[in-house]
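Here's a quick tour of how this model packs together. Have a look at it first, then read on.

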Amino acid sequence: MNALSLTPAERQQIDQGAWFAKLSEPLRNDILQRAFVRRLADETMLSHRGEPAEEWCGVAKGAVRVSSVSLAGKQISLTYVEPGTWFGDIALFDGLPRTHDAYAHGDTTLLCVRKSDFRALLQAHSELYDALLRLNCRRLRLMFDMIEDLNTRPLAARLAKQVLLLARSYGVQEGQGDEAVTRIGLQLAQEDLAQLLGASRQRVNQELKAFEREGAVRVEPTRLVVVSRDKLLAAAAR
């Protein structure tokens, strides 16, 4: 891969990704040498449910929305893959088709590794097996946490936790001192938040208004702004 294919900011997102940064330098370099850059406009389909898996990808900019379709034919967003995160390896391991649709959310840049190169990386670096095993264990733990939250915690607590996660992944600091806030860079409609939480848009809207009255967030037309992280933490712990 030509390193100039990524902008400095995009390369930084890849290099500083929590999982990628822990790999050995030879493995990181080999992955980058075998990867190619793909730039996608907002709402471009990356893959669809049922098709063969051909690539392993890392997000360098933007996000990838993983979605499904309900029995009523409505598209439902399940998660957003953030910058620095790699995905698509499970289907390359088990050889089964993709289980969900994947779309670019905003202008998105991906590093992609073809299936043949992915297999070559596994043969050349036994370290990659262990690293991917740890990665998938983490995904499994997060999935169990989400299921537990969905079944045991009130919507307000789950929403506060989700907003904090979004702020950590996409937050941009603005202002200083007592005026400092965190603007969430990922554009999400309240319907998108509702889908992530398994709730209705109306209920999510009610809870966000309550957070706003408490001084925890500020709701803007296309963005959420975290005004008080401490108040959101308190709401997430209720």
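## Two crossing helices

Helix 6 (residues 155–170) and helix 8 (residues 201–214) have axes that come within 10 Å and cross at roughly 75°. The pair is therefore roughly perpendicular (65 to 115 degrees). Axes here are lines fitted to C-alpha atoms over the stretch in contact, with angles from 0 to 180 degrees between N-to-C directions; helices are DSSP runs of H or I, at least four residues, and strands runs of E, at least two, numbered from the N terminus.

On the helix 6 side, Leu-155, Ala-156, Leu-159 and Ala-160 meet Arg-203, Val-204, Glu-207, Leu-208 and Phe-211 of helix 8 (contact: heavy atoms within 4.5 Å).

This is a predicted model, where local features need pLDDT of at least 70 and side-chain atom pairs 80 or more, while totals for chains, interfaces and linings use all residues. Numbering starts from 1 along each chain as its sequence is written, and side-chain values use heavy atoms, leaving out hydrogens and water.

## The cores

The largest nonpolar core has 28 residues: buried (under 20% relative accessible area, 1.4 Å probe, protein chains only) Ala, Val, Leu, Ile, Met, Phe, Trp, Tyr and Cys joined through side-chain atoms within 4.5 Å. Helix 6 gives the most to this core, nine residues. A second, separate core of 24 residues includes Trp-19 and Leu-135.

## Aromatic pairs

There are six aromatic pairs (ring centres within 6.5 Å, using the six-membered ring of Trp). Phe-20 and Trp-86 are stacked, at 5.8 Å centre to centre and 15° between the planes (stacked: under 30 degrees). Both are buried.

Notes
Parallel < 35°, antiparallel > 145°, perpendicular 65-115°, else oblique. Phe/Tyr/Trp six-rings, centres within 6.5 Å; stacked < 30°, edge-to-face > 60°. Buried < 20%, exposed > 50% of the residue type's maximum accessible area, 1.4 Å probe, protein only.
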